Amino acid sequence: MDEALLHYQHSTSSSFSRTSHGSLKNRKSLHCVNSLPLFTIASNYCVKYSIRKKGVKKRLIGERLVVSKMAGCDGIVTSSDVKSGKMIFEPILEEGVFRFDCSADDRNTAFPNISFKNPKDRDTPIMNVLKVPTYIPTFECVMGQQIVNIEFPSGTSFYGTGEVGGQLERTGKRIFTWNTDAWGYGSGTTSLYQSHPWVLAVLPDGEALGVLADTTQRCEVDLRKESHIKIIAPLSYPLITFGPFASPTDVLLSFSRAVGTVFMPPKWSLGYHQCRWSYDSDARVREIARTFREKNIPCDVIWMDIDYMDGFRCFTFDQERFSDPKSLVDDLHQNGFKAIWMLDPGIKYEEGYFVYDSGSKRDVWIQTADRKPFVGEVWPGPCVFPDFTKSEARSWWATLVKDFVTNGVDGIWNDMNEPAVFKTVTKTMPENNIHRGDPELGGCQNHSHYHNVYGMLMARSTYEGMKLANEQKRPFVLTRAGFVGSQRYAATWTGDNLSTWEHLHMSISMVLQLGLSGQPLSGPDIGGFAGNATPKLFGRWMGVGALFPFCRGHSEIDTIDHEPWSFGEECEEVCRLALRRRYRLLPHLYNLFYLAHTRGIPVATPTFFADPKDFELRTHENSFLLGPLLVYASTRHDQELYQIQHKLPKGIWLSFDFEDSHPDLPSLYLKGGSIIPLAPPYEHVGEANPTDDISLLVALDEHDKAEGSLFEDDGDGYEYIKGGYLLTTYAAELQSSVVTLRVSKTEGSWKRPNRRLHVQLLLGIGAVLDAWGTDGEILQIKMPSKDDLSNLKLDGERQYRTRIESAKCIPDLDNVPGHKGTELSRTPVEIKSGDWALKVVPWIGGRIISMEHLPSGTQWLHSRVDVNGYEEYSSVEYRSAGCFEEYSVIDRDLEQAREIESLKLEGDIGGGLILERKLSFPENDPKFFQIDSGIVARKVGAGSGGFSRLVCLRVHPMFQLLHPTESYVSFTSINGSKHEVWPEAGEQVFEGDLRPNGEWMLVDKCLGLALVNWFDISQVYKCLVHWGTGTVNLELWSENRPVSKESPLVISHRYEIRGI
């Protein structure tokens, strides 16, 4: 047993040793081919498998033998001879839901389910079900990976996959479920903060089916082939399908019955939230709160980021800047604000710090492979991390939260819980760390097994701690990391986005995808977290963001202020109007969340949900539904909303506003047959009173009928579970030129308040009939004559146009004059070939911020608009001239001799020097794209002999690593030596005969792909490899010398993707 333990520790902790030329000794691959599932009999031991070329060896930790649960793969300990074929199935949960496994042995030995509300439902077949699956997956097991394929009819559309950037309809995309600190992510980033191995497939006839890969481990969801789902993850795991059902909504209802519905949010949490990293003192927090009230801008919550803490120690307060948190919270409460405070998982490794001491006493920390507490660096410095897979750790954390809440904490923000770790290539802790998990979660396993659920388990612990603190209040927790099922405990946001138009546009699809994956309470950082928003960008973002389920403005340290009043009076007024809209619509939003909580009905959905058979609507990305309310937004810089033709679903859709139409606000439509409740424009939820007037917005359908509901309760607490609420269903019908509105049904024990009822009957084209009555009594509205109706519509249209034309538009400060009269907006310039799509920002460094390989669906650059990506410098100094200068577009040709498309840029780097760059796609080989760069002397003075200062052309691309532990740089040197440079090698410089012989490549073993960089060795004097946190730089340096008009510095190189 001791020998086995020693072998296990060696096999999991060993890394490369190298010869002088980079050859490998004793390399152990951790997760690509041998992150194999384990079956745990008790919680005090672990098992580990190590795949070698000639077989599999068992490794043990603990005092007892454990049993392998693997089946059906060649070269692996198996319980059957199955290698590939159709998956076997059994019905579970309810009719139409099926569980698939590779074999009966795999079914019997599967890991426990973590995502289901009742995990036993996955393992309990239901009887007397005659229906068989319409689509049966096939599987193949190869080198420890279970590959599942499902074919659908041509014309099937894909959605879901959780928190993902980019397009709404996911065909052509691939993602990897591996929770990642993805600051500055782009549309092609394949792993973000949350993992949802879930696909919603909408069939050509409008029916839909959901597919869940029931694995917590790293999982590849590949939708690159039309109407085909491929899922790859370490074996073995069940696949669960929901449907086909009649509509996508029916699939999500069934899915919610499995994984649970969203927690019922307190009503105040549906108001507007204001946040920044950081409001650095209680005085600044009070100033922000006071300004909201002085400017009559609605807001309910102010957030405290990590700077409230004492040295970033969780559960502490800085004694100078936040010396009396209770007093601060009391002041906020008196002014109608709630306070939310951040808690991270990283606990400072410091004796004498009460959290560290109590956690160490209870032995709650994640351990390394040699069973010592793992220490990794985060904000406080060296930190240990609670093992939330242990019930003892969750109980310990919940007790800390309970005590913390006594300071007046209204909500808690869990950040950095992927978990993020600084100064590591992987951005997280080692995958061979040990979690001593509860048996019902999977027992003792390495980190690769529990990584994706760590954030969810932390959120669960935080939620339970808040409930312990006050059983009469609903907890509010916001989590950055999550998994399928997180919605039971926490809301989420879309992470560290950018202040760009692309991210504004993308935020709609991201919120919708999360909703389609079971998480309805989400939203982006309005205005963008990283970078500086412009007035128009911020105003447009607030316009649509005010209608997202979760509505919060947040911005990064060292950016300009991003409060609603920070961008001039025109933008401030747009923000005020947008947030007043939200507060008018709060009763409707609260309705939607009640239905989401009790039934699983989604809150925000894509527009095509109104007509799933409409193929054109399936790709609409600038509109969405809130129940029967359609929101149409302008999310493009060069796109004015009132100039766009609005594609509407079939049926009757009537436009309306709150006499607030504005070019920078979305358009609103109500579906015929609907009634939605409205509220007065409060400044915070606490101003509302049950006896206040209520308003109903009514749109009749083609049968002259409408119906809708209003849910009312205390807005907090759990009396609604006991019947302490009032759910009113209103019905309207037109008969004999009279619309009669009545209460058709009520639920709950609440007595109806004595209040006035205001009914607004939409007539179309902005025309509205107003009527007043008493809530609960029949109200009749006489319809106007045909002529009067026509006049009302004309008048409504006239008033709408007047509001649009007289509105004070937000100044457009985004345009920058380009070379030769060309106007360059803040929208990146995009150029494409058959294999590549590049995005370039000429106005800041001319940097390439996106380098997407279309056939493989891979994004190779790590970038944001203002930093990183592909950069070029003019000297040996890091980020010297050329990195941040404004470049001009000299020429852009869609097609010219021997090129498909090209883009020429140049930037003035001072001293009479120009840095030129040309991007092109060779016509004869579109697999490549070419970059020709040079430093050219344009106006070097004669007094210097026509020569410039000393310059060096330094090509500095920063590539992102999708699989950091399985990525390396490979090349053959001029002298014939072969090199493989792995991340642990740090920075490496290759000069002279050690330079790559005109070619080097970045290899990702998991993807089976290499990014190959070809270059002219006569132009390159030095090559540099630098590994960062989840990134690598492959730099090419020219010689370092003066240049003249006759002797520029030039580097020509090209990129391609090669399979390995």
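L757 touches I694, L696, L741, A771, W772, G773, T774 and D775, not counting residues up to four places away in sequence. Contact here means heavy atoms within 4.5 Å. L757 sits in strand β43 (residues 756-764). Helices (H or I, at least four residues) and strands (E, at least two) are DSSP runs, numbered from the N terminus. L757 has a relative accessible area of 0%, so L757 is buried. Buried means under 20% relative accessible area, exposed over 50%, and partly exposed in between (1.4 Å probe, protein chains only). D692 is 65 residues from L757 in sequence, yet the two lie 9.2 Å apart in space, C-alpha to C-alpha.

This is a predicted model: local features need pLDDT of at least 70, side-chain atom pairs count only at pLDDT 80 or more, and totals for chains, interfaces and linings use all residues. Residues are numbered from 1 along each chain as its sequence is written, and side-chain values use heavy atoms, with hydrogens and water left out.

Now the whole chain. The chain has 14 helices and 67 strands. Of its 1060 residues, 64% count as buried. Among contacts between residues at least 6 apart in sequence, 68% join residues at least 24 apart. The chain exposes about 37,700 Å², and carbon and sulfur atoms supply 49% of that area. Accessible areas come from the Shrake-Rupley method with a 1.4 Å probe; for residues, only the protein chains shown count as cover.

V421 gives another pair of residues separated in sequence. V421 and D181 are 240 residues apart in sequence and 8.8 Å apart in space, C-alpha to C-alpha. V421 is found in the loop between β24 (411-414) and β25 (434-436). Its relative accessibility is 3%, so V421 counts as buried. Leaving aside neighbours within four places in sequence, V421 is in contact with F374, G376, E377, F385, K427, T428 and M429. The loop between β24 and β25 also holds P419. The peptide bond from E418 to P419 is cis, with omega near 5 degrees.

Next, the helices. Helix α3 (residues 248-259) has twelve residues. From first C-alpha to last, α3 reaches 16 Å, close to the 16 Å expected at 1.5 Å a residue. The expected span is 1.5 Å times one less than the number of residues. How much of α3 is covered? Nine of its twelve residues are buried, so α3 is mostly covered. The buried residues are P248, V251, L252, L253, S254, F255, S256, A258 and V259. They pack against β7 (97-101), β13 (198-202), β14 (208-213), β17 (239-245), α10 (501-516) and α13 (586-599). Just after α3, G260 takes a positive phi of about 95 degrees.

Helix α11 (residues 535-545) is also mostly covered: eleven of its eleven residues are buried. Among them are the charged residues K536 and R540, as well as W541 and M542. What covers the buried residues of α11 includes β18 (272-274), α10, β31 (525-526), β32 (551-553), α12 (569-584) and β34 (623-626).

Two packed helices are described by the angle between their axes and the distance between the axes. The axes of helix α4 (residues 282-294) and helix α5 (residues 325-334) come within 11 Å and cross at roughly 0 degrees. That makes α4 roughly parallel to α5. Axes are lines fitted to C-alpha atoms, for helices over the stretch in contact, and angles run from 0 to 180 degrees between N-to-C directions. Angles under 35 degrees count as roughly parallel, over 145 as roughly antiparallel, 65 to 115 as roughly perpendicular and the rest as oblique. Which residues of α4 and α5 meet? D282, V285, R286 and A289 in α4 meet S327, L328, D331 and L332 in α5. By class, this contact has four nonpolar, one polar and three charged residues. Ala, Val, Leu, Ile, Met, Phe, Trp, Tyr, Cys and Pro count as nonpolar, Asp, Glu, Lys and Arg as charged, and the others, Gly among them, as polar.

Some backbone details remain. The peptide bond from L235 to S236 is cis, with omega near -15 degrees. S236 lies in the loop between β16 (228-234) and β17. T161 has a positive phi of about 60 degrees although it is not a glycine. T161 is in the loop between β10 (157-160) and β11 (174-177), and is buried at a relative accessible area of 3%. R371, not a glycine either, has a positive phi of about 70 degrees. R371 is found in the loop between α6 (354-362) and β22 (376-378). Its relative accessible area is 32%, so R371 is partly exposed.
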